[in-house]
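Hi everyone, thanks for coming. Please have a look at the model on the screen, and then we'll walk through it together.

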Amino acid sequence: MRSDSLDCSSTSSPKLGVYECEIHLKFRLVEEKGAFVNRDQLLELLLDAFSYGSDEYMEPTHVEVAAQEICELSASPQMRRQLIRLRNSSDGIQ
């Protein structure tokens with residue numbers, strides 16, 4: 001394997017990259033008490049509520065978002081394969 005093939009910067013498709021994202025959300029939510037019993041669906045419910053935006057049922061108190069591009073080699077093999085598929089597809093982002 002050539003050493004330049006391990007370069008973290010991608011020159012073949014600059015519009016695709018691997019990003020590490022961190023989100024800190026704190027908000028108040030009016031919701032049925034039973035909605036928080038099923039912990040498997042809790043994150044999905046909270047993200048859905050937040051994505052609809054502020055209204056009389058949801059009030060954000062703190063939002064912090066950070067994202068940075070990381071070296072593709074830091075991603076899992078499954079994610080790297082998906083990146084290759086997207087780059088090679090005719091419908092993919094070029």
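Let's start with the aromatic rings, where the count comes to one aromatic pair. By the rule used here, rings of Phe, Tyr and Trp (its six-membered ring) pair if their centres lie within 6.5 Å; planes under 30 degrees apart count as stacked, over 60 as edge-to-face and the rest as tilted. The partners are Phe 27 and Phe 50, a tilted pair with 5.3 Å centre to centre and 35° between the planes. Phe 27 lies in strand β1 and Phe 50 in helix α1, so the pair ties together parts that are 23 residues apart in sequence.

A word on where this comes from. This is a predicted model, in which local features need pLDDT of at least 70 and side-chain atom pairs count only at pLDDT 80 or more, while totals for chains, interfaces and linings use all residues. Residues are numbered from 1 along each chain as its sequence is written, and side-chain values use heavy atoms, with hydrogens and water left out.

Now, which pattern does the chain follow along the sequence? The pattern is β-α-β-α, made of two helices and two strands. Helices (H or I, at least four residues) and strands (E, at least two) are DSSP runs, numbered from the N terminus.

Take α1: its 14 residues reach 21 Å from first C-alpha to last, close to the 20 Å expected at 1.5 Å a residue. That expected span is 1.5 Å times one less than the number of residues. After α1 comes Gly 53, with a positive phi near 95°.

Is Phe 50 buried or partly exposed? Phe 50 counts as partly exposed, at 24% relative accessibility; buried means under 20% relative accessible area, exposed over 50%, and partly exposed in between (1.4 Å probe, protein chains only). Leu 47, also placed in helix α1, is partly exposed at 43%.

Leu 16 is buried, with a relative accessible area of 11%. Leu 16 and Arg 87 are 71 residues apart in sequence, yet 7.8 Å apart in space, C-alpha to C-alpha.
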